[in-house]
Amino acid sequence: TMGDIISIQTDVAEHVARSLMVELLPNHHSEIERASASDTIAYEDYLKGRYYWNKRTEDGFTKALKYFQTAIEHAPGYAPAYAGLADVYQISGFYSSVPPKQAFVKAEVAIKKALEINPTFAEAYSSMAYGKLLYEWDFAGAEKAFQHSLELNPNNVTGHYWYALFLAAMERSDEALAQIRLASELD
């Protein structure tokens, strides 16, 4: 069953970390536990939402939105689904498939909910940073949120990618290249 798969994934991840003598950061361990304890249907819907979000098409965004909303219906306390919603709104607004101001407001609500559920959820801080960059033009706030996100989860691919875009916009090319290379390696 899907529940068994999640349990096995958790066991394998912890075993690999122990065998490599690597200690998981406290917030990563709690995310592993949270994912394995939450509704398996919500987790499946979340993964499907991310799949469609990554297509970066209007149809993909529509499907991603549906899957994230369904995940939230199954598990209202599942922070990743809210961060997924925020990311759909952010990119939809950027591509103008949704009016940018409307998209930003919806993204902000989803980010706040994700952080209310889990104040250390790195992906929510990445979404927050992206919104500060694109919609608020709060460059100092964006950088601070990106850095906080990457401190919480150094393996956050989207966080590194978006931070690279930020650094490029700030004309910090060497740092941007380092971030995009890291995002590529992690991905």
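Visitor: Is Asp 87 buried or exposed?
Guide: This is a predicted model in which local features need pLDDT of at least 70 and side-chain atom pairs count only at pLDDT 80 or more, while totals for chains, interfaces and linings use all residues. Residues are numbered from 1 along each chain as its sequence is written, and side-chain values use heavy atoms, with hydrogens and water left out. Buried is under 20% relative accessible area, exposed is over 50%, and partly exposed lies in between (1.4 Å probe, protein chains only). The relative accessible area of Asp 87 is 3%, so the residue is buried.

Visitor: Which residue forms a salt bridge with Asp 87?
Guide: A salt bridge requires a side-chain nitrogen of Lys or Arg within 4 Å of a carboxyl oxygen of Asp or Glu. For Asp 87 the closest N and O atoms are 2.8 Å apart.

Visitor: How many residues apart in sequence are the parts that the pair of Asp 87 and Arg 50 ties together?
Guide: Helices are DSSP runs (H or I, at least four residues), numbered from the N terminus. Asp 87 lies in helix H5 (residues 79-94) and Arg 50 in helix H3. The pair therefore ties together parts whose separation in sequence, in residues, is 37.

Visitor: How many salt bridges does the structure hold, and which residues form one network?
Guide: The total is 8 salt bridges. One of them joins Glu 175 to Arg 172, with the closest N and O atoms 2.9 Å apart. Salt bridges that share partners make one network of Lys 132, Glu 136 and Asp 138.

Visitor: Which helix holds both Lys 113 and Glu 116?
Guide: These two form a salt bridge, with 3.2 Å between the closest N and O atoms. Lys 113 has 28% relative accessibility and so counts as partly exposed, while Glu 116 is exposed at 59%. They are 3 residues apart, about one turn of the helix, and that helix (residues 100-117) is H6.

Visitor: What is the arrangement of the rings of Trp 53 and Trp 162?
Guide: Rings of Phe, Tyr and Trp (its six-membered ring) pair if their centres lie within 6.5 Å; planes under 30 degrees apart are stacked, over 60 edge-to-face, and the rest tilted. The count by this rule is 13 aromatic pairs. For Trp 53 and Trp 162 the centres are 6.2 Å apart and the planes stand at 80 degrees, so the pair is edge-to-face.

Visitor: Which helices do Trp 53 and Trp 162 lie in?
Guide: Trp 53 is buried at 1% relative accessibility, and Trp 162 is buried at 0%. The pair ties together parts 109 residues apart in sequence, because Trp 53 lies in H3 (residues 40-53) and Trp 162 in H9 (residues 157-169). The helices are H3 and H9.

Visitor: What is the arrangement of the pair Phe 94 and Tyr 95?
Guide: Phe 94 is partly exposed at 47% relative accessible area, and Tyr 95 is partly exposed at 41%. Their rings lie 5.9 Å centre to centre with 45 degrees between the planes, an arrangement that is tilted.

Visitor: Which residue lies over the face of Trp 53?
Guide: A charge sits over a ring if NZ of Lys or CZ of Arg is within 6 Å of the ring centre and within 35 degrees of the ring normal. Above Tyr 67, Lys 66 is placed this way at 4.1 Å from the ring centre. Over Trp 53, at 4.0 Å from the ring centre, lies Arg 56.

Visitor: What span should helix H8 have?
Guide: The expected span is 1.5 Å times one less than the number of residues. H8 (residues 139-152) has 14 residues, and its buried residues include Phe 146 and Leu 150.

Visitor: How far apart are the C-alpha atoms of Tyr 82 and Ile 117?
Guide: Tyr 82 lies in helix H5 and counts as buried at 10% relative accessibility. Ile 117 is 35 residues away along the chain, and the two C-alpha atoms are separated by 9.5 Å.

Note on methods: Helix = DSSP H or I, 4+ residues; strand = E, 2+ residues; numbered from the N terminus.
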